[in-house]
Structures are given as structure tokens and as C-alpha cells.
Amino acid sequence: MKVQIIAPTQKTPEWVKISINEYQKRLKNELKLEIIDIPLINRLKKPLKEIITQEGKKIIKHIPQASFVIALTETGNLLSSQAFAQHLGQWYQQHPSLSFIIGSPEGLADICRDKANFTLSLSPLTFPHSMVKVILIEQLYRAITILKGHPYHK
């Protein structure tokens with residue numbers, strides 16, 4: 001299965017790169033994980049709503065035609081790890097690829113929300129976007145281990 005995580009990103013801290021690499025190694029036999037970082041647009045040159053829309057258009061361009069799109073939003077579905085694993089298993093069986101989209105620090109463009117087949121919230125708390133990637137990738141790994149009956153989740 002091909003899984004993408006697409007997000008506007010300023011600069012990825014080294015600890016995030018290390019964490020992502022670790023989970024990519026763990027997941028290499030289960031799914032192909034691709035991280036697509038969209039450069040943030042300069043916030044000083046245009047109105048914020050226009051910037052968010054432009055970044056949203058860049059996100060949409062990276063989504064494969066047949067991909068099932070999961071938007072991470074503050075108002076998305078809150079799932080337990082087991083429920084997320086069940087959803088992932090169903091999506092895996094029904095779609096050739098999954099695209100998780102994360103908005104800019106100011107939010108997700110309406111065109112991205114409209115493109116989403118499912119909305120997901122990782123928590124009611126607010127996290128830095130770089131941390132969201134790490135949490136999401138860890139949850140993907142956890143979901144795979146749940147589906148395989150591996151003891152990692154315990």
C-alpha cells in the first residue's frame with residue numbers, strides 16, 4: 001500500500017527527521033510511506049486566506065487520482081488506536097493509496113477539506129505540525145501492528 005503524508009512545512013527539525021526515518025524503517029515491509037513537504041508561502045506578502053488557499057492548491061496537486069484522502073483537522077473524527085487500525089484495514093482493502101493531508105499552521109484550505117473522504121483529529125490538543133507527522137506515522141505503525149496481532153500495542 002502506498003501512503004502519503006502531505007503538509008506545508010517550514011523547516012523540519014532533526015529530531016523529526018530521525019523519528020520519521022525510524023518509523024519508515026519499521027514500516028518498509030508493510031507500506032510505502034512518502035512524506036511530501038510543501039514549502040510555506042511567505043506570510044508577509046499576501047492576505048492569509050489567499051496564502052492558505054494557494055498552499056491548499058499545492059497540496060491537492062500531489063494527491064493521486066484514485067487515492068483515499070484523509071484530512072487532519074481539529075474537528076475531525078477522534079478515534080482510538082484500535083478504531084484507527086480498523087479504518088486503515090478497510091481503506092487498505094478498498095483503495096490503492098491513502099493521502100493524509102495536514103494544513104498549514106493557520107489551518108487547512110477549504111479545497112482540501114472538500115477533497116477529503118474522511119476527516120481525522122489526532123487529539124483535541126494543538127500540536128506543532130512537525131510533531132503531528134511523527135504522531136501520525138507512529139499511529140500508522142501502531143495500526144499495522146494491531147492488524148497483524150503484534151504485541152507493540154500492548
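Reader: Which residues does Thr12 touch, not counting residues up to four places away in sequence?
Author: In this predicted model, Thr12 sits in the loop between β1 (2-9) and α1 (14-27). Setting aside residues up to four places away in sequence, Thr12 touches Lys17, Asp37 and Lys133.

Reader: Does Thr12 count as buried or exposed?
Author: Buried means under 20% relative accessible area. Thr12 has 14% relative accessibility, so the residue counts as buried.

Reader: How far apart are the end C-alpha atoms of α1?
Author: α1 has 14 residues, which at 1.5 Å a residue should span 20 Å. The model agrees with this, as the end C-alpha atoms of α1 are 20 Å apart.

Reader: Within what arc do the buried residues of α1 fall, seen down its axis?
Author: Val16, Ile20, Tyr23 and Leu27 are the buried residues of α1. They line one face of the helix, because down the axis of α1 they fall within an arc of 70°.

Reader: What covers the buried residues of α1?
Author: Glu14, Ile18 and Lys25 are exposed on the other side of α1. The cover over the buried residues includes β2 (32-39) and α5 (129-148).

Reader: Which element gives the most to the largest nonpolar core?
Author: The largest nonpolar core has 29 residues, and Trp91, Phe100 and Leu140 have the most contacts inside it. Among the elements that each supply at least two residues of this core are β1, α1, β3 (68-78) and α3 (81-94). The element that gives the most, with 8 residues, is α5.

Conventions:
Residues numbered from 1 in each chain as written. Predicted model: local features only at pLDDT ≥ 70, side-chain atom pairs only at ≥ 80, totals over all residues. Heavy atoms only, no water. Helix = DSSP H or I, 4+ residues; strand = E, 2+ residues; numbered from the N terminus. Buried < 20%, exposed > 50% of the residue type's maximum accessible area, 1.4 Å probe, protein only. Contact = heavy atoms within 4.5 Å. Expected span 1.5 Å × (residues − 1). Arc of directions from axis to C-beta. Core = buried A, V, L, I, M, F, W, Y, C linked by side-chain atoms within 4.5 Å.
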